[in-house]
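Please open the model in your viewer and keep the selection panel at hand. The stops below say what to select next and what is to be found there.

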Amino acid sequence: MDQQQAARSVLQRICVALDRFVLTDTNNGLLGGYTGAALFYAYYYQLTGKAAHLNKVYDIIRKCLQSLSEEPMNGSHCSGIAGVSWCIQHLTALGFIEADDTADTFADIDMLVADFMDSELREGRNDFLHHGIGTALYFLERLPAPVAVTQLEQLVTYLAESVIPLPGGIAWKDHFSSKSQQHPDQDLFNLGLAHGVPAIISVLARCYEKGIAKEMTCQLIDNSVQWLLQTKNKSVGITHSRYPVIVNDRGEVIGDAHSRLGWCYGDLGIAAMLWGTGKRLSRQDYQQEAQELFHHIAAYRNVKNGAVHDGCLCHGSAGIAHLLQQAGLAAGNDALLDAARYWWQTTLSMNTWDDGPAGYKFYHHPEYISSHNVLEGIAGIGLSLISFADTTIRPAWGECMLID
């Protein structure tokens, strides 16, 4: 059986496991709950053409809409109302849902998400997954609605007002990581795409692309990218990560200088940010920097030095494979595509757990656990494998993780 046949076989197992999960799960989050399974079924329908998978999308959306009306939720992107609503808008844009069917729903949600964004940002809570920054994706999808323009302009203004000048550029203080909690007397800066400065730059690039406060947005992006590029590790071995995890206001590494290989933290997320930002701002220098970083990852990073313990999108092999494939396709680069195939083979070899969904489990120190969601579970592995099985299906779902 070749790799693509093996991928389709695993996808069938993932589909069966998600069927059971969606019926019983009560967490309606986009990245951490059952809502994300709607993304899997929608893209799996594009792969297979089977109407049964499309019907599952509708079943999940009905369950989502019912939960929105019955259960209190925070406004976050990962686990809250912003992410659930982003998913509904995304499926509408793909043509799976009629826009008229959800217009009233979004009108009610706008103010709830706006209040969450405003309160989080006022407290300096800039985290993408769980705090104020991630809600921007909801309003980017709501454009050109006036409320979306207003909220995104306010976001850019807030970021301009809260920026911290640093040697070589600007950045935004980390309020999420355990290191910041351990060092409350220091200004620390997070280099992860899931929680740090790269996510803020990615969101700003999307605002720029949509015409939101373009002059201010461009200046913030340029100054923060220039600072970020100066945080590279100095005098390290070839298999060492180019970037650390956390630095202070003097550019000194706090904690680990060698970062894991994954979407959430490390070189891969930074490369994805630089590539996407370069594309949106027509900055070839950013894209060149991204390509060099992708090439270093493809040539020198592996399961061991990348601390890859499972197959998930967030910090596992499926996420690595997907990002390298998309970079390789965008640049027409066979070396990156070959590296992607290596990481997909790694992913396919990890479904060995008899008691794990579709044979997979996910590493949460110190043990492996079962997970079905997009971020750390089989729904995310499935979305990645669909891209491997058929490269003609555009993985626009990656926007929910800032990788489209």
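**Charges over rings**

Begin by selecting Lys214 and Tyr208: Lys214 lies over the face of Tyr208, at 4.5 Å from the ring centre, where a charge counts as sitting over a ring if NZ of Lys or CZ of Arg is within 6 Å of the ring centre and within 35 degrees of the ring normal. This is a predicted model, in which local features need pLDDT of at least 70 and side-chain atom pairs count only at pLDDT 80 or more, while totals for chains, interfaces and linings use all residues. Residues are numbered from 1 along each chain as its sequence is written, and side-chain values use heavy atoms, with hydrogens and water left out. Next, select Arg283 and Tyr286, where the charged end of Arg283 sits over the ring of Tyr286, 4.3 Å from its centre.

**Aromatic pairs**

The structure holds 10 aromatic pairs, a pair being rings of Phe, Tyr and Trp (its six-membered ring) with centres within 6.5 Å, counted as stacked if the planes are under 30 degrees apart, as edge-to-face if over 60, and as tilted for the rest. Select Phe40 and Tyr41, whose ring centres are 5.6 Å apart and whose planes stand at 65°, so the pair is edge-to-face. Phe40 is buried at 0% relative accessibility, and Tyr41 is buried with a relative accessible area of 1%; here buried means under 20% relative accessible area, exposed over 50%, and partly exposed in between, with a 1.4 Å probe and protein chains only.

Then move to Tyr45 and Phe96, an edge-to-face pair with 6.0 Å from centre to centre and 75° between the planes. This pair links distant parts of the chain, since Tyr45 is in helix α2 (residues 35–48) and Phe96 in the loop between α4 (81–93) and α5 (103–122), 51 residues apart; helices (H or I, at least four residues) and strands (E, at least two) are DSSP runs, numbered from the N terminus. Tyr45 is partly exposed, with a relative accessible area of 25%, whereas Phe96 is buried, with 10%.

**A buried aspartate**

Select Asp110 in helix α5, which is buried at 6% relative accessibility. Apart from neighbours within four places in sequence, Asp110 is in contact (heavy atoms within 4.5 Å) with Tyr138, Phe139, Arg142 and Val147.

**Backbone stops**

Most residues other than glycine have a negative phi, and most peptide bonds are trans. Select Leu143 and Pro144, which are joined by a cis peptide bond with omega of about 10°; Pro144 is placed in the loop between α6 (136–142) and α7 (146–162). Another cis peptide bond, with omega of about 15°, joins His365 and Pro366, and Pro366 lies in the loop between β5 (362–364) and β6 (367–369).

Ala213 is found in the loop between α9 (197–209) and α10 (214–229) and is partly exposed, with a relative accessible area of 28%. Finish at Ala307, also not a glycine, with a positive phi of about 50°; Ala307 belongs to the loop between α12 (284–300) and α13 (317–331), and at 30% relative accessibility it counts as partly exposed.
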